[in-house]
Amino acid sequence: MIRLATEVEHKIYTMCMIQDGTKVLLMNRPNRKGFPGYIAPGGKVEFPESIVNGAIREVKEETGLTVTEIVFKGIDEYCDPNQGLRYMVFNYLATATEGELLKNPPEGEPLWVDMKEALNLPMQDWFKRRFPLFFEPGTFEVSSVWIAETDETLEATTKNYGV
């Protein structure tokens, strides 16, 4: 049952896929961190930093790498009308970085993976669906209306705005 909340809260996050040739850098997140399995680096955008700077900061904090080339790839949003929550994820693709990987990263172990083999790794279904969108031309938009307490998706839209 949908109960439209009277107030809406917006949460803004980033995700940054790091590509080096035919490989991508994924983090193997432990269960205790939530969203276990392989995932691209990312996290919450701190107010008042810009969204792209939040993505660059999250990559640095989680991997030790400094992003030197980055492009916006798309947005995911998940709306829970019962909670009045709009959870937005701004997605980026980094194709150049500098520095060394952290020896003991806080969010999970980083692993360079061949892009063709990445989807064989254990990962959340939502990330598996989003993964190929990072490498398609143009930008993407994924929007879902979902009820968190029952994990039920009521409506979903995916669009690709190719070049």
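**Entry 1: contacts and overall build.** I began with contacts, meaning heavy atoms within 4.5 Å. Among contacts between residues at least 6 apart in sequence, 67% join residues at least 24 apart. A note to myself on the source: this is a predicted model, where local features need pLDDT of at least 70 and side-chain atom pairs count only at pLDDT 80 or more, while totals for chains, interfaces and linings use all residues. Residues are numbered from 1 along each chain as its sequence is written, and side-chain values use heavy atoms, with hydrogens and water left out.

Next I looked up the secondary structure, and found 2 helices and 9 strands. These are DSSP runs numbered from the N terminus, with helices (H or I) of at least four residues and strands (E) of at least two. In sequence order the pattern reads β-β-β-β-α-β-β-β-α-β-β. The radius of gyration is 16 Å, close to the 15 Å that the globule rule gives for 163 residues, so the chain is as compact as a globular protein of that length. For the record, that radius is taken over C-alpha atoms, and the rule is 2.2 Å times the number of residues to the power 0.38. Along the principal axes, the C-alpha atoms fill a box of roughly 50 × 30 × 30 Å.

Entry 2: Accessible areas come from the Shrake-Rupley method with a 1.4 Å probe, and for residues only the protein chains shown count as cover. I also wrote down that 42% of the 163 residues count as buried. Buried means under 20% relative accessible area, exposed means over 50%, and partly exposed is in between (1.4 Å probe, protein chains only).

Entry 3: I then went to Pro-81, in the loop between strand S5 (66-80) and strand S6 (85-98). Is Pro-81 buried or exposed? Pro-81 counts as buried because its relative accessibility is 12%. Leaving out residues up to four places away in sequence, Pro-81 touches Ile-2, Arg-3, Leu-4, Ala-5, Val-145, Trp-146 and Ile-147.

Ile-2 comes from the segment before strand S1 (9-20), and at 47% relative accessible area Ile-2 is partly exposed. Together with Leu-4 and Leu-154, Ile-2 makes a nonpolar surface patch of about 310 Å². Patch residues have over 30% relative accessible area and no salt bridge; like charges are joined within 9 Å, nonpolar side chains (Val, Leu, Ile, Met, Phe, Trp, Tyr) within 5 Å.

**Entry 4: salt bridges.** How many salt bridges does the structure hold? I found 6, each a side-chain nitrogen of Lys or Arg within 4 Å of a carboxyl oxygen of Asp or Glu. In Glu-107 with Arg-29, the closest N and O atoms are 2.8 Å apart. Glu-107 lies in the loop between S6 and S7 and Arg-29 in strand S2 (residues 23-29), so this pair ties together parts that are 78 residues apart in sequence. Glu-107 is buried at 17%, and Arg-29 is buried at 12%.

Arg-86 and Glu-77 also meet in a salt bridge, at 2.5 Å from N to O. Here Arg-86 is partly exposed at 29%, whereas Glu-77 is buried at 14%. I also noted a network of salt bridges that links Glu-49, Arg-57, Glu-58 and Glu-61.

Entry 5: I looked for disulfides (a pair of cysteine sulfur atoms within 2.5 Å) and found 0. Cys-16 is buried at 1% relative accessibility, and Cys-79 is buried at 13%. Cys-79 is among the residues touched by Ser-144, as is Glu-77. Ser-144 lies in strand S8 and is buried at 9%.

Entry 6: Which peptide bond did I mark as cis? The bond from Phe-47 to Pro-48 is cis, with omega near 5 degrees. Pro-48 sits in the loop between strand S4 (42-44) and helix H1 (51-63). Asp-151 has a positive phi of about 55 degrees although it is not a glycine. Asp-151 is in the loop between strand S8 (139-147) and strand S9 (152-161), and counts as exposed at 60%.
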